[in-house]
Amino acid sequence: MSRSKQMEKAATISHSGRRGGFFRFFINEIRAILYNRKLILCFLLFLVMNVGLLIVAFATDEVDSTQYARLRTDPDSIMDMYMEDPESETYKQLFDEYMASTTYDEYLQKVIEDAEMNQSISIFQTKFSISNLERTKRDFERLVGTEASFVGGYGICKALNFTGSYVLIFFLLVVLVLELVLRDKKNGLANLYKTTWNGDSRLLLSKYAAAFVYMALFVAGVFLSNILIAEWKFGAVDLSAPVQSLMDYIGYGFSCRISTFVVLVCLVKILIFAVILAALFTFAVVSSNEVMLCVWSAVAMFVELLFSVLGEKLNLTFLYRFSIFSMLDTTRFFQYENYNLISHAEPAIYLDCIICAVLLAGFLIISSVIYLEGSSDYRESRIRLRKKGTKSRRIFSSVWRLEGYKLWLGYKMIFVIFLLVGFQVYIYQNKSVRWSANEYAYQYYISQIEGVVTQGKLDYIASEEERYEKLHEEEDRVDRDYAAGKITEKEYNDKWDEMNKQLANEESFFRCLEYVDYIKQQCGITSQVSEADPAALERIGFVYARGWNILAGSKDYKDDVMNAAKVIVVLMLTTAFLYLEDYRYKINGIIDITENYRKLHVIKAFRMLLIILVVYMIVYLPELMWVKREIGLAGGKYLAQSLPCLEQVGISTSITGYFLLVSGIRLITILVLTVLYVLVGKLIRSTNGAIFCAAAVALLPLLLYLSGFTAAKYYPLVQLLSGNMLLR
């Protein structure tokens, strides 16, 4: 066979091999996922966790599922039960749902009438506002005749918008990206992709397609399990009823059944998570390791948050609505809104889906074409630059400096620290304290009695209480005089204006009086200071508690948990690349046979301790400084029980001592977690596996609590990392 014929045959084989290549790659990637025990385990584990979290969420919800399921089948008794106990959240929820469904026709008519009335007011209206009113009127007129009915849909509404499910899906996407992209990059397989003719883009796209199928199946499984649990706990819902029968979606501007709406919500969530998956793929492609993936992801989340804040401040519907956080909120995404598209009102839901599709395509193009299929000249220039760079590399004679260079510059951990510092600066530069007139007045009263408890301070409070009582007696006298005709209307109004000025701070005073009564109870005082226990009197004092309350976690401990999450994320990555990468590549085996191997272990341990202390101060010190600057932290020497929020603390220590104890609990917990993290990483010899274990055990409960899953506060690790939650 001649050489020309051989080349022609080879070209034919090559061309035929390329045909249908994407499908072949896709099947191979699907098989790789099915054979990956870690991915299958995560799929099943996260499904089980989602079921457990939703059951716990329903069990700890203010609405009692048992009573709700019993009463929803007897609508006639809902009104009676609500009137008997209007404070019950269960009865209130049922009553609100019942009234919303039975008055839907009136609601619909009001929306149409408001649109018609506003249309007639043409002054100051733009072309878009007129178009928006016309479309609103037209859309809601189509819904006339929709027979909304009471279906008892509280459970299904919660199931469609369960934040815990979103957290688990996001974690699954991260695991997918780590296994399908970053693992290949670390193993050097990504370099082989670039040697194939146009194969690199098809390989990456097939990986994404396989990950998309995996993600879509998981999202569908999550939604199906959520619906089944909701119907089990709250009773079956008539899925053939209009979606407007659900109170959360009474303002939905389209006509469809509940069953169709559930499928639509599932499809929309799959589309949104497909965009997130494509973004993570892009970040993984341009990242050298897990650290840079986290950095890019954090930057993207910050930009999203910035868009949301700007949208709300500037009243730009598109910006705050298109934020990922808003789009994942089912109720908010499906509320009726229109975008201004060249002065024409267009449904926001349609345009959001189109923008998601465009973003999806854009991320895939960026990751598969621009990066992976860069020109050969570009690749050659990069190779030449790398060769030149190798000539000027520094040689470190110090092990300490070498380990520092490897961690901060080699593994890019310096970017994580910069990101943390920038995040802290942004938070506390934009954080402010709201001061009301009542709060200023309360602070004034506390300043008059601040410090040790004395008889003079109690007498001052008693005299103020007597003054307010006399003012109220004066009010009654003025009312009687006016009714008897003894004073004119002008005199009556003048006297009332004067008394109202003197009573302006009454609410703040009675708040102060309540605090004084609390301190008297702690000291054992009835009326005179001489009745107090001398030991208690020396240690308890009057303290302005607002600043201390913030440090103590206020009411919901969210600041505590947020700070703990920051520390966990940074230390999880830092420890992984300080210790675990050496075990993954078996570098520790080489180090352990050297003469000074113990010195290196000591250096790493000391560096890790130093990093923990620095990160701890970066996270927690700004909050302390901000509170001290904006509010003040006086009275730290007095007993912790001087603050009503610390009344239940079972230890006898000062306020300062209490917060030092909280800091100690947090720090010790972090140190123990770090040691356990290193031990687990040494055992499994997988950086990604260790990060996943740490995220599942320590980070996931914190994120669940921040997302509104309050039952996570019973998890011991959340209490330990908060400190306040444990002691209070």
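Of the 728 residues of the chain, 46% count as buried. The model is predicted, with a mean pLDDT of 80 over the chain and a score of at least 70 for 84% of the residues. The secondary structure comprises 34 helices and four strands. When contacts between residues at least 6 apart in sequence are considered, 76% of them join residues at least 24 apart.

The largest nonpolar core has 141 residues. Leu173, Tyr249, Phe261, Phe273, Phe281, Phe334 and Val615 are the residues with the most contacts inside this core. Helix 13, which spans residues 258–286, supplies the largest share of the core, namely 20 residues. Another core, of 49 residues, lies apart from it and includes Ile446, Cys512, Ile550 and Leu551. In soluble globular proteins, nonpolar side chains tend to be buried together. With neighbours within four places in sequence left aside, tyrosine 249 is in contact with Cys157, Leu160, Val243, Gln244, Phe261, Thr330, Thr331 and Phe334. Two of these partners, Phe261 and Phe334, are also listed among the core residues with the most contacts.

Leucine 172 is located in helix 10, which covers residues 163–186. Its relative accessibility is 1%, so leucine 172 counts as buried. Leucine 172 and cysteine 42 are separated by 130 residues in sequence, yet their C-alpha atoms are 7.1 Å apart in space. Beyond residues up to four places away in sequence, leucine 172 touches Cys42, Phe43, Phe46, Tyr214 and Phe218.

Glutamate 97 belongs to helix 6 (residues 89–102) and, because its relative accessibility is 6%, counts as buried. Glycine 152 is 55 residues from glutamate 97 in sequence and 7.1 Å from it in space, C-alpha to C-alpha. The contacts of glutamate 97, apart from neighbours within four places in sequence, are with Tyr68, Phe150, Gly152, Gly153, Tyr154 and Met247.

Helix 22 (residues 437–449) packs with helix 23 (residues 455–483) at an angle of about 140 degrees, and the axes are 9 Å apart. The two helices are therefore oblique to each other, since an angle has to be over 145 degrees to count as roughly antiparallel. On the side of helix 22, the contact is made by Tyr444, Tyr445, Gln448 and Ile449. Helix 23 contributes Lys457, Tyr460, Ile461, Glu464, Arg467 and Tyr468. By class, the contact residues of this pair divide into six nonpolar, one polar and three charged.

Two loop residues were also examined. Glutamine 641 is placed in the loop between helix 30 (597–630) and helix 31 (655–684). Glutamine 641 has a relative accessible area of 9% and is therefore buried, the limit for this class being under 20%. Neighbours within four places in sequence aside, glutamine 641 is in contact with Tyr518, Gln522, Leu646, Glu647, Val649 and Ile651.

Tyrosine 557 is in the loop between helix 27 (546–551) and helix 28 (558–584). With 13% relative accessibility, tyrosine 557 also counts as buried. Most residues other than glycine have a negative phi. Tyrosine 557, although not a glycine, has a positive phi of about 60 degrees.

Note on methods:
Residues numbered from 1 in each chain as written. Heavy atoms only, no water. Axes fitted to C-alpha atoms, helices over the stretch in contact; angles between N-to-C directions. Parallel < 35°, antiparallel > 145°, perpendicular 65-115°, else oblique. Contact = heavy atoms within 4.5 Å. Nonpolar A, V, L, I, M, F, W, Y, C, P; charged D, E, K, R; others polar. Buried < 20%, exposed > 50% of the residue type's maximum accessible area, 1.4 Å probe, protein only. pLDDT = per-residue confidence, 0-100. Core = buried A, V, L, I, M, F, W, Y, C linked by side-chain atoms within 4.5 Å.
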